[in-house]
Amino acid sequence: MTRLATGGRIDRTRPLRFSFDGRAYTGFAGDTLASALLANGVHLVGRSFKYHRPRGILSAGVEEPNALVEIDRGAGRREPNARATVVPLVEGLVARSQNRWPSLRFDLAAVNGLASAVLGAGFYYKTFLGPGRDAWHKRWEPMIRRMAGLGRAPEAPDPDRYGNRYAHAEVLVVGAGPAGIRAALEAAATGARVVLCDEQAELGGSLLAEPSAWPQLAADLAKLRANPRVTLLPRTTAFSYGLQNFVALAQVVEATGGLRERLWQVRAGRVVLATGALERPIPFSGNDRPGVMLADAARHYVQRWGVLPGRNVTALVAHDTGYSAAFALQDAGAAVAAVLEMRATAPAALLAEATRRGIRVLANHGVSATRGGQRITGLLAAPRGADGTPDAARATPIACDLLLLAGGWTPSVHLFSQARGKLRWDAALDAFLPDEVREAVTCVGACAGEGLAPGLPVTQLAAGSATAHKAFVDQQNDVTTRDIALAVREGFRSIEHVKRYTTNGMATDQGKTSNMLGLAVVAGQLGRSVPEVGLTTFRAPYTPTSFGSFAGRHRGMLFDPVRTAPLHDWAMQQGAVFEPVGQWQRARYFPRTGEDMHAAVARECLAVRNAVGIFDASTLGKIEVVGPDAAVFLERCYVNAWRKLGVGRCRYGLLLREDGFIYDDGVVGRIAEDRCHVTTTTGGAARVLHMLEDYRQTEFPDLRVWLTSTTEHWGVIALQGPRARDVLAPLVEGLDWRDFPHMAVAECRVAGIAARLFRVSFSGELGFEVNVPASQAPAVWQALLQAGAAHGITPYGTEAMHVLRAEKGFIIVGQETDGTVTPEDAGLAWLIGKAKPDFIGKRSLSRPEMLRADRRQLVGLVPRDRSALPDEGAQLISSADARVAEGHVTSAYRSATLGHPVALGLLAAGRARLGDTVFATRLDGPPMALEVVSPVFVDPKGERLRG
Amino acid sequence: MVLIHCPWCGDRAELEFRHCGEAHLVRPADPAALDDAQWAEYLAFRDNPRGWARERWRHVHGCGRFFNALRHTLTDRFAATYKPGEAWPEPPA
């Protein structure tokens with residue numbers, strides 16, 4: 001055990017059992033998984049991504065690149081890539097190492113390390129080159145797939161709940177270290193609403209490793225906690241900084257039986273960033289062995305968690321803070337074999353203190369190699385040459401079980417950059433610091449460079465490392481200094497390109513420990529300064545954020561709204577099969593016992609053709625157009641002539657976009673001089689209203705007309721078939737049947753309910769559409785069913801509706817049209833009001849392209865063999881071996897009425913090709929011969945619907 | 001989530017709005033009088049500025065009104081919003 005007898009903030013009275021790779025261990029309340037593993041002497045915790053090298057714990061915080069583990073909390077709760085350094089220890093925690101087979105200690109894929117010569121920078125891209133596609137498919141792709149990915153994605157649905165909350169605050173403070181707590185206290189003193197968040201489970205930041213500061217920390221936190229206008233959020237990461245101080249926070253709640261995580265979206269008057277700084281590692285050969293640790297992280301393990309991560313310590317320091325760490329470990333009982341000072345001379349005061357402590361300091365030294373397998377056992381301390389390269393020939397071996405790295409500090413400017421703040425390079429501090437920004441944001445503490453002292457510049461930290469063997473820059477993605485040097489040699493100059501080519505900084509840690517080093521290596525290779533090379537862009541999220549916290553409650557039934565028509569419940573009871581149409585659920589067909597879809601649809605179609613069918617058409621879009629200029633407005637928008645449409649009459653309207661292509665269609669009824677009932681397609685209701693509102697408000701503001709969506713106010717029951725009138729008439733009051741021809745509309749009562757009755761047909765049969773208030777639709781439906789029983793009334797669904805309209809050659813916008821179809825193409829030019837000087841899209845219809853004779857036109861198609869059903873979407877070609885498409889099949893159905901399949905299609909110059917044979921491509925066979933016919937298969941003269 | 005100032009309703013969340021393309025395009029009073037090139041210019045040719053853009057927006061999930069806005073295409077900042085028919089404001093320096 002390496003747990004110290006005293007000290008730290010852990011609670012030694014509350015032991016917690018946990019397991020790692022199946023072995024049982026014990027830690028204490030207050031531990032992280034990493035501190036508990038170290039307390040049990042476990043340094044080897046994972047294998048690296050590419051070379052499967054043994055890796056340990058580098059840091060004590062969110063920047064950890066190596067110690068990624070799988071946390072298993074049961075079915076659906078298996079989380080990969082958790083950083084052991086930020087996972088709070090809880091009773092019964094189950095953790096596993098990743099990226100190893102068959103075991104962590106013996107990993108077969110470690111042979112990748114031997115093949116590292118071919119796995120260098122850009123190896124993935126290089127597999128695309130060379131001997132053809134076969135090599136890629138057969139060799140490289142399977143190999144990369146096997147190797148790729150960190151950890152295992154969970155397979156079961158996530159059973160946890162996630163919440164969402166909006167918050168407003170005068171001041172949001174990110175980071176509860178000394179600077180953040182001070183800022184929160186100051187803001188709270190003014191009476192402001194303050195939110196103080198910190199990613200760690202315990203607030204205090206760097207103070208948590210300063211025992212002398214703990215009494216004051218406790219007092220400050222108590223003061224904040226007592227203030228009702230202050231919200232303290234531990235385990236809450238500010239991961240995204242949007243415009244106007246809109247900051248997203250991910251809070252880990254993990255309440256038993258309650259929320260797992262909560263997403264906060266905070267709008268703040270002012271944001272105070274107190275995000276601290278991250279210690280830089282140092283590149284040298286073998287710098288990734290377990291037991292190599294950031295110096296300040298080791299100090300935290302001692303001071304905060306009472307863990308001694310090594311007994312025989314060597315420190316490689318480029319910054320004064322490395323000495324504090326070495327001294328702290330010595331005070332806790334470790335032997336410090338040596339401090340290797342990378343700078344030419346050690347600072348006098350620190351050198352004196354080290355000497356007093358009996359610690360050997362070797363100035364101007366680096367590390368030329370490390371020794372050890374699954375944990376470091378020693379290193380070669382080497383004097384640095386003029387270019388910074390450690391001189392291996394003059395190296396001295398030093399035995400150690402812990403190597404501390406103190407490479408200096410990088411302020412955490414991630415969120416400041418996300419706020420679109422500009423950074424400036426501070427040459428003295430050797431760091432990018434916050435500069436100008438438009439948001440109301442203040443940076444305080446180490447992230448603003450406050451309290452930081454300069455050390456060895458990062459370019460000199462990296463100097464001489466580019467030739468070192470296995471000197472890792474990005475440990476999570478296994479990127480070495482040589483990889484970066486290779487990228488530069490291969491011509492990559494922009495830091496963004498180097499990043500993508502080498503993958504430096506692209507792993508889940510987003511380069512928190514590697515970006516500055518990578519930048520320094522590139523700068524060294526190019527002979528440029530760090531600011532000349534520049535930084536890569538900081539993007540959200542700051543640290544990995546769960547999908548659950550983004551999704552919140554929006555899953556399952558709450559993922560997308562479901563719209564149901566008034567007869568939905570009735571259709572459910574009847575055992576209807578439904579289909580989604582946009583957000584609507586519509587009854588597709590009503591199978592009887594033993595019927596498949598084909599049989600049910602055939603029966604429903606024949607019932608409409610021979611007797612009467614009843615259909616829920618309530619999803620049709622409806623817009624009430626009201627005002628003295630209602631008809632004038634429609635006249636300017638739709639292609640049709642409306643002003644002469646009499647009250648009590650209706651007309652099939654066609655709406656184009658300004659480019660001349662069909663946008664929507666629907667029947668418009670004139671209810672009164674100043675009132676029209678406009679219907680739209682089910683899917684087009686919202687966009688048609690939007691478009692009409694646009695013209696009303698911005699192009700024709702002089703017209704006195706108002707538009708109201710009434711889609712959900714009206715329930716619409718379609719009665720179609722030769723017996724439709726017989727069913728309906730006995731239930732109708734207040735209608736003069738003598739003046740109610742095809743395309744008439746009247747206000748009357750149906751089954752005692754006030755109704756708008758349309759005589760319209762989308763089937764080609766005698767038809768009516770009964771519009772009643774949606775809440776009354778079920779009652780009217782029942783009355784019609786009862787009245788129709790004697791006439792063989794049959795409910796039908798959308799599938800039969802589609803077949804019936806296709807037999808009649810009626811288009812469906814979005815099926816026969818695709819945004820490139822004009823009225824002429826669709827055979828609907830007859831709708832255009834010839835005397836009208838203008839309507840939306842009219843000018844476009846006379847463009848030369850729109851007048852070409854070879855435009856694709858709507859035609860009917862019948863299989864030559866009268867049996868096979870062509871595929872919707874199949875290309876139409878002029879001969880079986882033709883390679884040029886001349887159109888496509890838009891709709892295809894089996895027709896029980898006709899006894900053979902029918903199809904509609906768009907075909908180049910189609911109307912001039914009636915009787916010709918064309919071919920439809922098939923996915924699973926040779927093209928199918930089709931005869932080109934008129935698109936109206938049933939009752940071309942329209943006698944039935946006028947009956 | 002940007003706050004957008006609806007000239008009628010005041011500051012509202014971006015979610016309530018819909019972008020509706022370039023502003024200050026006037027539909028020709030007599031499209032038939034235009035030749036094909038002129039009509040194409042109205043129909044299809046749009047500015048695509050890197051910087052301040054005059055745009056139409058609609059408070060579609062609020063009052064439903066269309067209005068105009070001066071927005072910067074790089075920073076996503078709104079300098080002004082104003083009602084249809086009002087003169088456009090000069091972009092900030």
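These legends walk through close-up views of a predicted model.

**View 1. How chain A is divided into domains.** Chain A splits into domain 1 (11-118), domain 2 (160-274 + 409-453), domain 3 (278-408), domain 4 (457-539) and domain 5 (851-940). Take domain 1 and domain 3 of chain A as a pair: their centres, taken over C-alpha atoms, sit 24 Å apart. The contact draws on 16 residues from domain 1 of chain A and 16 residues from domain 3 of chain A.

**View 2. The side of domain 1 that touches domain 3 in chain A.** Which elements of domain 1 each supply at least two residues of this side? They are helix 1 (33-39) and strand 4 (54-55) of chain A. Helix 1 of chain A provides the largest share, three residues. Sorted by class, this side of domain 1 has seven nonpolar, four polar and five charged residues.

**View 3. Val62(A) in its loop.** Val62(A) lies in the loop between strand 4 and strand 5 (68-72) of chain A. Is Val62(A) buried or partly exposed? It has 18 C-beta neighbours inside 10 Å, so Val62(A) counts as partly exposed; being buried would take 20 or more. Set aside the neighbours within four places in sequence, and Val62(A) is in contact with Arg83(A), Val86(A), Glu199(A) and Thr543(A). For a sense of scale, pick Thr921(A), 859 residues away along the chain: its C-alpha atom and that of Val62(A) are separated by 57 Å.

**View 4. Helix 5 of chain A and its two faces.** Helix 5 (residues 214-226) of chain A has 13 residues, and at 1.5 Å a residue it should span 18 Å; the end C-alpha atoms are 18 Å apart, so expectation and model agree. The buried residues of this helix are Leu217(A), Asp220(A), Leu221(A) and Leu224(A). Look down the axis of helix 5 and those buried residues fall within an arc of 95°, which means they line one face of the helix. What do they pack against? Their partners are helix 4 (178-189), strand 9 (194-197) and strand 10 (230-233) of chain A. Turned away from the buried side is a face with the exposed residues Pro215(A), Ala218(A), Ala219(A), Ala222(A) and Ala226(A).

**View 5. Strand 44 of chain A, with a partner strand on each pairing.** Strand 44 (residues 856-863) of chain A has eight residues, six of them buried, so the rest of the structure largely encloses it. Six bridges tie strand 44 to strand 47 (residues 900-908) of chain A, and the two run antiparallel. To find your way along this pairing, look for Gln857(A), whose bridge partner in strand 47 is Leu907(A). Strand 44 also runs antiparallel to strand 49 (residues 925-933) of chain A, joined by four bridges. Here a handy landmark is Leu861(A), with Val932(A) as its bridge partner in strand 49. As a reminder, side chains in a regular strand alternate between the two faces of the sheet.

**View 6. Strands 45, 48 and 49 of chain A.** Strand 45 (residues 875-877) and strand 48 (residues 917-922) of chain A pair in the antiparallel sense over two bridges. Ile877(A) stands opposite Phe919(A) of strand 48. Strand 48 of chain A also pairs with strand 49 of chain A, antiparallel again, over five bridges. In that pairing, Ala920(A) stands opposite Met928(A) of strand 49. Where strand 48 gives way to strand 49 of chain A, a hairpin joins them through two residues.

**View 7. Chain B on its own.** Chain B has one helix and six strands. From the N terminus on, the elements of chain B go β-β-β-α-β-β-β. Along its principal axes, the C-alpha trace of chain B spans about 45 × 30 × 20 Å.

**View 8. Where chain A meets chain B.** 19 residues of chain A are in contact with 18 residues of chain B. Helix 19 (residues 685-699) of chain A gives the most to the chain A side, with six residues. By class, that side has three nonpolar, six polar and ten charged residues.

Definitions and conventions
Residues are numbered from 1 along each chain as its sequence is written. Chains are lettered from A and ligands numbered from 1 in the order in which they are written. This is a predicted model: local features need pLDDT of at least 70, side-chain atom pairs count only at pLDDT 80 or more; totals for chains, interfaces and linings use all residues. Two residues are in contact if their C-beta atoms, placed from the backbone, lie within 7 Å. Ala, Val, Leu, Ile, Met, Phe, Trp, Tyr, Cys and Pro count as nonpolar, Asp, Glu, Lys and Arg as charged, and the others, Gly among them, as polar. The expected span of a helix is 1.5 Å times one less than its number of residues. A residue is buried if 20 or more other C-beta atoms lie within 10 Å of its own, exposed if 12 or fewer, and partly exposed in between; C-beta atoms are placed from the backbone. The arc is that of the directions from the helix axis to the C-beta atoms. Domain bounds come from an automatic or database domain assignment. Two strands pair if DSSP finds at least two bridges between them.
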